[in-house]
Structure formats: C-alpha cells, structure tokens
Amino acid sequence: MSGPGAVEQPAGTVLEKTPPPAPDGAAAPGPRRFWSARKVPAGLLALLLLVIAVAFLYDIAAVRAGRPAMSWRRELARQLAERPLDDVWVLLGAGIAAALGLWLLLLALTPGLRALLPMRRAHPDVRAGLDRDAAAMVLRDRAMEIAGVQTVRVRVARKRADVRAVSHFRELDDVRADLDAALADAVEGLGLSRPPALAVRVRRPGRKE
C-alpha cells in the first residue's frame, strides 16, 4: 500500500489519508485503486544502474590516469563496431531490452495491489481498502452460519465473488436461496465502493462440479 500517511489496520483493512476535496463545490473523486510503491522493481533497477555506472566511471577514471581501458570495455566497443544490426545476438539483446522496457512501463502505468479492494469513503479526506482474503473470510464465515452448509470455498476478485458450498442436508435450492440472501447482506456490509457480483453454487458431498 502506497502513499503518505498510510496506516494499515487489523483484519485486512488499510487507511490512507488524502488531501481534502477541492473547494467551490467540486465533485469528489470516484473510487480509485491503491497504487503499489513498486519498491522491489525500483530497487533492483536502481542497483543495476548503479553497478553499470560505477563500472564505467571507474574505467574512464583509470584511462584518464594513464592506465589502459579494461578488457571488457574494449571488447564491448569492438563488438558494437563490428557486428551488423541483423546479427542474432544484436537482435536478441534488443528484444530483451525492449521487453524490459515494456515491463517497466507496465509497472509504471498500472496500480498494482490487486489484493486490496477500495472501500466507500466515510470521510472525504480518508481512503480505506479491504484485503480480498479478509473479505473472503467474512463471506465464508457468514455462509457457514446457514443451516445445511457443510463446507464453503470463497474466492473474491475485484468484480466477482465465487462461492462454492457443499450441503449435506436440506434442499439445494433452499440452501442456495439462504446463501444468496445472507451473502448479499454480507457483501453490502463490507462497505466496498464497488461490491462484487455474487456467483453461488451448491452441491452434495462427493459430487464434482
């Protein structure tokens, strides 16, 4: 979870304080996903650039001091001067560099933190998020309260919550109806800005879907 003033709360919730809304009756921003700090990719890239820069600066300083250039830089200059552009290794290196650049652009332009679901704003200057695993746990606990439910598996995504229940007694239609009602109330109680759609399936023990 990124952003200044961010505070992680228990039970999978995250609070992030944001600037107050614009004056003059400006419309409040809609629900936005939390952006990842991307600390690991940024750290690795910075470390790689640092190592390359130090190696080149050391070699340049050595040449200025009257020493011969290091063998790897002479070999690199020779390879860049002699190899044609359609060489296999040149094309492979260009492909790797392009793929790395596209990956970095993707990280820069996408929010990340897919496991964090934005919640409705109770205060205009505070944003809250709920972890998907915590949301699934709440729905699973509510489903287990329904009579006839033996086991439940819940998977919560940004737009959909899949519920797979096993019922060892009662009619399946009755169990499904009770699950639909209870889980719809539970989803509303999560306080998400975009409540996921429910997909409930109920089966008997021993039967595979």
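**Group meeting: a predicted protein chain, region by region**

In the protein chain, residues 24 or more positions apart account for 59% of the contacts with a separation of 6 or more, a contact being heavy atoms within 4.5 Å. This is a predicted model, in which local features need pLDDT of at least 70 and side-chain atom pairs count only at pLDDT 80 or more, while totals for chains, interfaces and linings use all residues. Residues are numbered from 1 along each chain as its sequence is written, and side-chain values use heavy atoms, with hydrogens and water left out.

Some totals next. The protein chain has 5 helices and 7 strands; these are DSSP runs numbered from the N terminus, H or I of at least four residues for helices and E of at least two for strands. The order along the sequence is β-β-α-α-α-β-β-α-β-β-α-β. Of the 209 residues in the protein chain, 26% are buried. Buried means under 20% relative accessible area, exposed over 50%, and partly exposed in between, with a 1.4 Å probe and protein chains only. The accessible surface of the protein chain is about 14,100 Å², computed by the Shrake-Rupley method with a 1.4 Å probe, where for residues only the protein chains shown count as cover. Carbon and sulfur atoms hold 63% of that surface.

Now helix 1. It covers residues 39-64, which is 26 residues, and spans 37 Å from first C-alpha to last. That is close to the 38 Å expected at 1.5 Å a residue, the expected span being 1.5 Å times one less than the number of residues. Its buried residues are Pro41, Asp59 and Ala62. What do the buried residues of helix 1 pack against? They pack against helix 2 and helix 3. Just after helix 1, Gly66 has a positive phi of about 95 degrees.

The structure holds 1 aromatic pair. Phe56 and Trp72 form it, edge-to-face, at 5.2 Å centre to centre and 80 degrees between the planes. For the cut-offs, rings of Phe, Tyr and Trp (its six-membered ring) pair if their centres lie within 6.5 Å; planes under 30 degrees apart are stacked, over 60 edge-to-face, and the rest tilted. Phe56 lies in helix 1 and Trp72 in helix 2, so the pair ties together parts 16 residues apart in sequence. Phe56 is partly exposed, at 31% relative accessibility, and Trp72 is partly exposed at 32%.

The loop between helix 2 (71-82) and helix 3 (88-109) contains Asp87. Is Asp87 buried or exposed? Asp87 counts as buried because its relative accessibility is 18%. Its side chain makes a polar contact of 2.9 Å with the side chain of Arg83. A polar contact is a pair of N or O atoms within 3.5 Å; within protein, one must be able to donate a hydrogen and the other to accept it, and residues adjacent in sequence count only if both atoms are side-chain atoms.

Last, the strands. Strand 5 (residues 149-156) pairs with strand 6 in the antiparallel sense over 7 bridges; two strands pair if DSSP finds at least two bridges between them. The two form a hairpin with 3 residues between them. Ser167 belongs to strand 6 (residues 160-167) and stands opposite Val149. Ser167 is buried, with a relative accessible area of 0%. A polar atom of the Ser167 side chain lies 2.8 Å from the backbone oxygen of Gly148. Not counting residues up to four places away in sequence, Ser167 touches several residues, including Gln150, Leu172, Val202 and Pro205.
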